[in-house]
Amino acid sequence: MAGIIGFPNSVNEKAARTVAGGVLVLSIATLLLSVTAGTAWLWIVAPMALGFYARVLTGPKLSPLGQLATRAVAPRLGEPRLVAGPPKRFAQAIGATVTTAAGVFLAAGHPLGAQVLLGLMVIAAGLESIAGYCIGCKIFAGLMRFGVIPEEVCAACADISLRHKSVNA
């Protein structure tokens with residue numbers, strides 16, 4: 001079990017963006033189906049949330065979307081572009097929180113709340129997958145700047161010289 005739990009210290013940006021692309025497709029499909037074919041389709045937020053929890057706890061190891069991204073898609077996109085792992089893990093935790101909240105809204109009989117949260121997932125996943133802009137990573141950086149997240153959590157984030165080494169590694 002110890003070999004399964006844990007998030008990589010550095011991640012391939014191309015794999016992370018591929019995962020975000022998968023989340024984008026799932027979010028758009030779920031939102032469109034819930035609007036056109038009925039809110040019963042919102043059940044898809046449950047496996048989406050489980051995928052986020054799997055990635056937070058184990059990186060791509062237990063996530064089907066993470067496995068697809070790291071083993072099949074990202075290797076075909078050229079050399080890896082390594083970035084710090086902790087901000088990406090933080091972003092995955094935000095995704096877990098948002099999709100869990102969507103599930104809670106759904107269970108409480110408020111499908112519109114779930115649809116609004118899915119709309120936020122479309123925005124965040126779209127920015128990450130298409131533009132390479134990670135909202136969760138920006139929040140992580142701000143929390144580090146304000147001292148909420150200690151520098152020890154992410155040495156590459158705190159020291160710009162380490163950041164350049166990890167990107168070119």
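This is a predicted model: local features need pLDDT of at least 70, side-chain atom pairs count only at pLDDT 80 or more; totals for chains, interfaces and linings use all residues.

Guide: Residues are numbered from 1 along each chain as its sequence is written, and side-chain values use heavy atoms, with hydrogens and water left out.

Visitor: Why are helix 1 and helix 2 called roughly antiparallel?

Guide: Helix 1 covers residues 13-36 and helix 2 covers residues 45-58. Helices are DSSP runs of H or I with at least four residues, numbered from the N terminus. The two pack at an angle of about 165°, with axes 11 Å apart. Axes are lines fitted to C-alpha atoms over the stretch in contact, and angles run from 0 to 180 degrees between N-to-C directions. Under 35 degrees counts as roughly parallel, over 145 as roughly antiparallel, 65 to 115 as roughly perpendicular and the rest as oblique. Helix 1 and helix 2 are therefore roughly antiparallel.

Visitor: What makes lysine 88 and glutamate 13 a salt bridge?

Guide: A salt bridge needs a side-chain nitrogen of Lys or Arg within 4 Å of a carboxyl oxygen of Asp or Glu. In this pair the closest N and O atoms are 3.2 Å apart. Lysine 88 lies in helix 4 (residues 85-107) and glutamate 13 in helix 1, so the bridge ties together parts 75 residues apart in sequence.

Visitor: How many salt bridges does a search of the whole structure find?

Guide: Two. The side chains of glutamate 128 and lysine 88 also meet in one, at 2.8 Å from N to O. Glutamate 128 lies in helix 5 and lysine 88 in helix 4, so this pair ties together parts 40 residues apart in sequence. Shared partners join Glu13, Lys88 and Glu128 into one network.

Visitor: Why is lysine 88 called buried?

Guide: Buried means under 20% relative accessible area, exposed means over 50%, and partly exposed is in between (1.4 Å probe, protein chains only). Lysine 88 has 9%, so the label is buried. Glutamate 13 is buried at 9%. Glutamate 128 is buried at 7%.

Visitor: How do you know that threonine 30 counts as buried?

Guide: Its relative accessibility is 0%, so threonine 30 counts as buried. Threonine 30 lies in helix 1.

Visitor: What makes the nonpolar surface patch?

Guide: Leu120, Ile123, Leu127, Tyr133, Ile135 and Ile139 make the patch, about 490 Å². Patch residues have over 30% relative accessible area and no salt bridge; nonpolar side chains (Val, Leu, Ile, Met, Phe, Trp, Tyr) are joined within 5 Å, like charges within 9 Å. Isoleucine 135 has 31%. Helix 5 (111-131) and helix 6 (135-145) are the elements that give two or more residues. Helix 5 gives the largest share, three residues.

Note on methods
Accessible areas come from the Shrake-Rupley method with a 1.4 Å probe; for residues, only the protein chains shown count as cover.
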